[in-house]
Amino acid sequence: MRAFNEEKILLAHGSGGKLGHDLVEKGFVPAFDNPLLSKLDDSAVFEARGRLAFTTDSYIVTPIFFPGGDIGKLAVCGTVNDLAMSGAVPLYLSLSFIIEEGFLLSDLGKIVNSIKDAAEEAGVKIITGDTKVVNKGSVDKLFINTAGVGVVPHGVEISGSNAKPGDTLILSGPPGHHGIAVMSEREGLKFATQVKSDCAPLNRLVAEMLEVSGDIHCLRDPTRGGLATTLNEFAAQSGVGILIYEDWIPVRDEVQAACEMLGFDPLYVANEGRLVAAVAPDDAEKVLKQMRQNKYGTEAAIIGDVREEHPGKVVMRTRLGASRIVDMLVGELLPRIC
Amino acid sequence: MKFIDEFRDADLAKAVINRVRRNSKRHIRLMEFCGGHTVTIMKHGIRQLLPETVEMLSGPGCPVCVTAHQDLDKAIALSREPEVIITSFGDMLRVPGSYSSLQRVRADGADIRIVYSTLDALQIARGNGDKSVVFIGIGFETTAPTIAASVMQAKEEGIENYYVLSLHKLCPPVIKALLDSGEVKLDGLICPGHVSAVIGSRPWDFAARDYGIACVVAGFEPLDVLQSVEMLVSQLEEGEPKVEIAYRRGVRPEGNLRAQELMSTVFEPSPAYWRGIGEVPESGLRLRKEYQAFDAELCFNFDPGPTLEPKGCICGDILRGVKTPLDCKLFRGACTPEHPVGPCMVSSEGSCASYYHYESL
């Protein structure tokens, strides 16, 4: 954003006047360069064939820069992943910035760059957008709203309601990294950790999984609420029981350590670059092997299976051989007193 | 992970469980005082693994849960005072008082901030010289020394806008009150590990000596708890109740003398009201005269209004070990972690929340 004289975002940047135009034409358009966006018409017009997947999300993370990413990367990956979890090939995104007056243009520049990098990696184009600037205090620094469109290939039928008894559950990597990375930077809670956010676009991983198996029934990225909440959603939506094994969940030491300190359970901590899949048992090994070839699936692991028993409930076999319910996350994750 | 995996080792745990099964002949009732132990027991399914002869009861060892309605009402009333910033540990926010909760008054505009340490609260006081910063001091002997340290620090630095609402509770006196009531017939006690790290194991001697209760101070990993059950079973089978420490990596008989000194410099014992148990003499802590300038109770003129206890909630009975959450008509119906009626459903270490989250099928 060197093209600007100001150091900070002013209300005038969002007023539709000259400053706003400059921001779009010198800041956003060159970064996200593509013919659909460069036209700068009121809407982007494109051809699409087949079944479309359409999603929207808003990003309000605090702090906006965290180990392993920032709000821009998060916005792209989150939207791409939502499309990918329906089996869609993500094509286009929209981006709306709601910026607090006084926000540093240099920070906006960094965020725009990471949006660009993430979009390139995922192979999606940002084809429409909007910028609003609000009075100081009306938002916390920067909010980003997105929408995404993708095409679902013929024959792909993925839904949280498709889990079938017998299905194998595969987790693409160790859980909890995003949540711990963000929390370690949060005001009043700073602690030193090596944990980086797992924030990543998973669409290529999903495409590779779909190449080797036509029997992937459910896919979901366990974001807020963590793995436990996603598994509960599968159980409830599909009307099946889920059994997972404590031993099989690949929790890394540094995440476990942070969780022990804060009184959290890694199963409830947010991820932004992980997925859980319910796969027909005959295809499970094949899918797992394929996932491990992708850089976002090298530590993929089978964590349990789908059952007819205890429909709607997720049960964990503990290390000691007992079993217990794994419930949904309730309320906020709050560190305990003692 | 070092110091975690060893204490969750399945083979070692099975060996301990087998020994407990072999050695336990007569029916015994053990109480785990501490909510942290309740969580370990529920989360790892330990109750299912013990023989029928060993009955486990949950005790009142959850500081959030035992905080009385009237005390919560005080915190809520304080938060409505002008130019007051309330600082609190996170899990207090959702606990319902008589008419509201800190979370709700925060939504109405009260300035309530979650802190993870009293040092953060002090920092907020330093940065907001024109406001009064009140720390809601709840917890047992574990948290009291750090709060004492913050008061001493404030005095040393001349910070005049920092206050503590001291709702602290002390553990040994409430155990004595429970035993005196005779309501719960206990054979053994799993004594709280973190509390004992501060006070040592000696304050539990009275339970073994005067009441014949077997006592073992335990850590919080599954093997810690299992080992303490094994030690309690042995004591009781041999008919020699005494106080033993299973949590040797954290607890010495004399405790942490420096922490005790901090506590007694700033605080003195006072009567305290425990939810479900009532007033217990010498079971609370109030600020000593020299530190009264930091006592929110004395420095603010606020009116918490009349106390209203929720109808049908049996948290009190649960805290005394007389009933379990499964005996409560509200459990899983009117009372859930999203809409808690009583405090035992709010705190992650409350019995009701533990049963709700982890109860086996």
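## Tour of the domain contacts

Start with chain A: select 11-152 for domain 1 and 168-325 for domain 2. These bounds come from an automatic or database domain assignment. This is a predicted model, in which local features need pLDDT of at least 70, side-chain atom pairs count only at pLDDT 80 or more, and totals for chains, interfaces and linings use all residues. Residues are numbered from 1 along each chain as its sequence is written, while chains are lettered from A and ligands numbered from 1 in the order in which they are written.

Next, show the contact, with 23 residues from domain 1 of chain A and 21 residues from domain 2 of chain A. Two residues are in contact if their C-beta atoms, placed from the backbone, lie within 7 Å.

Stay on the side of domain 1 of chain A that touches domain 2 of chain A. Select helix 3 (71-84), strand 4 (89-100) and helix 4 (105-122) of chain A; each supplies at least two residues there. Helices (H or I, at least four residues) and strands (E, at least two) are DSSP runs, numbered from the N terminus. Helix 3 of chain A gives the most to this side, nine residues.

Now move to chain B. Select 1-314 for domain 1 and 315-358 for domain 2. Their C-alpha centres lie 17 Å apart. Here the contact takes 30 residues from domain 1 of chain B and 27 residues from domain 2 of chain B.

Finish on the side of domain 1 of chain B that touches domain 2 of chain B. Helix 2 (35-43), strand 2 (54-61) and helix 4 (63-66) of chain B each supply at least two residues. Helix 2 of chain B has the largest share, six residues.
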